[in-house]
Amino acid sequence: MKIYLPCSKLVKGINVQWLHMNYLVGLGNPGEKYANSRHNVGFMMLEACIIHFGLPQPHDSKQYAGRVSEGMIHEEEVACLFPDTFMNHSGTAVAKLVPKAKVAELVVLYDDVDLALGEVKVSFGRGDGGHNGIKSIIESLGTKDFVRVRIGVAQKTVWPWEKGDVRRPKGEKMGNFVLANFTKKERQELDALAPKVADIIGALVVEGKEAAMNRFN
């Protein structure tokens, strides 16, 4: 049996491990300096989902080390988290919100340099792929068995001698690339992608990861 409590009580001492809850976490760095960076696309897309589903605007929570919004998506209870711990320590905040027994109900939205801008994939139980935020979450939770919504930020291959479909930055160029701001045109592409990400989140919450992967991958 599912137990629903008023969402406003979530950050006022209610022990979330006793609720039926879907946990949605967007990864990024706090502060205006990083607001438009590629590394913050997880923040951007989760914010777009909050607007799409009419969830309350996020509010600061010291208890969960970030900004939190709680509400319902298609009659399913969700808790959304934007960690304020900076990317490399994202797991610290996630572990405060998500009990280990509920990790299977965790969905993490984040930037993926192995996918081209405008692409999105749903996966489960993968390694960190070199992403420090995912690495931190795996280390903090002690498992990699959670859902990932991987949002492409890479530039597409333009030269015939380049391998693969995208140009993945190497070495020191990686940090510069993910911390660089999106261009105006790239933001327009992200705006166009946001409804699909919202559809994916809706499917994950209501139908589960297998159905979402079959439909959207």
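H74 is exposed, its relative accessible area being 52%; here exposed denotes over 50% relative accessible area, buried under 20%, and partly exposed the range in between (1.4 Å probe, protein chains only). This residue is located in the loop that joins β3 to β4, where helices (H or I, at least four residues) and strands (E, at least two) are DSSP runs numbered from the N terminus. Although H74 is not a glycine, its phi is positive, at about 50°. Most residues other than glycine have a negative phi. A positive phi, of about 70°, is also found at F86, likewise not a glycine. F86 belongs to the loop between β4 and α2 and, with 40% relative accessibility, is classed as partly exposed.

The model is predicted, with pLDDT of at least 70 required for local features and 80 or more for side-chain atom pairs, whereas totals for chains, interfaces and linings use all residues. Residues are numbered from 1 along each chain as its sequence is written, and side-chain values use heavy atoms, with hydrogens and water left out.

The secondary structure consists of six helices and eight strands. Along the sequence these elements are arranged in the pattern β-α-β-β-β-α-β-β-α-β-β-α-α-α. Of the 217 residues in the protein, 50% are buried. Among contacts (heavy atoms within 4.5 Å) with a separation of 6 or more, 68% are between residues 24 or more positions apart.

Helix α2 spans residues 90-97, and its buried residues are S90, G91, A93, V94 and L97. These residues lie on the same side of α2, because the arc that they cover around the axis is only 160°; the arc is taken over the directions from the helix axis to the C-beta atoms. The packing partners of the buried α2 residues are β1 (22-26), β4 (76-83), β5 and α3 (132-141).

The packing of α1 and α5 was examined next. Two packed helices are described by the angle between their axes and the distance between the axes. For α1 and α5, the axes come within 9 Å and cross at roughly 60°; axes are lines fitted to C-alpha atoms, for helices over the stretch in contact, and angles run from 0 to 180 degrees between N-to-C directions. The two helices are therefore oblique to each other, given that angles under 35 degrees count as roughly parallel, over 145 as roughly antiparallel, 65 to 115 as roughly perpendicular and the rest as oblique. The crossing of α1 and α5 is right-handed, a term applied when the near helix is turned clockwise from the far one by less than a right angle, anticlockwise being left-handed. On the α1 side the contact is formed by V41, M44, M45, A48, C49 and H52, and on the α5 side by R187, L190, L193, A194, V197, A198 and I201.

K196 also lies in helix α5, which comprises residues 184-207. With 34% relative accessibility, K196 is partly exposed. When neighbours within four places in sequence are set aside, the contacts of K196 are with V120 and F216. K196 and V120 are 76 residues apart along the chain, and their C-alpha atoms are separated by 8.6 Å.

Side chains of opposite charge can pair when their charged atoms come close. A salt bridge is defined as a side-chain nitrogen of Lys or Arg within 4 Å of a carboxyl oxygen of Asp or Glu, and by this rule five are counted. One of them joins the side chains of R67 and E47, with an N to O distance of 3.3 Å. This pair links distant parts of the chain, R67 being in strand β3 (residues 66-73) and E47 in helix α1 (residues 41-52), 20 residues apart. R67 is partly exposed at a relative accessible area of 25%, as is E47 at 34% relative accessibility.

A salt bridge is also formed by D112 and R150, whose closest N and O atoms are 2.7 Å apart. Here too distant parts of the chain are linked, with D112 in strand β5 (residues 106-116) and R150 in strand β7 (residues 147-156), 38 residues apart. Both D112 and R150 are buried. In a further salt bridge, the side chains of R215 and E207 meet at 2.6 Å, N to O. R215 is partly exposed at 47% relative accessibility, and E207 is partly exposed at 42%.
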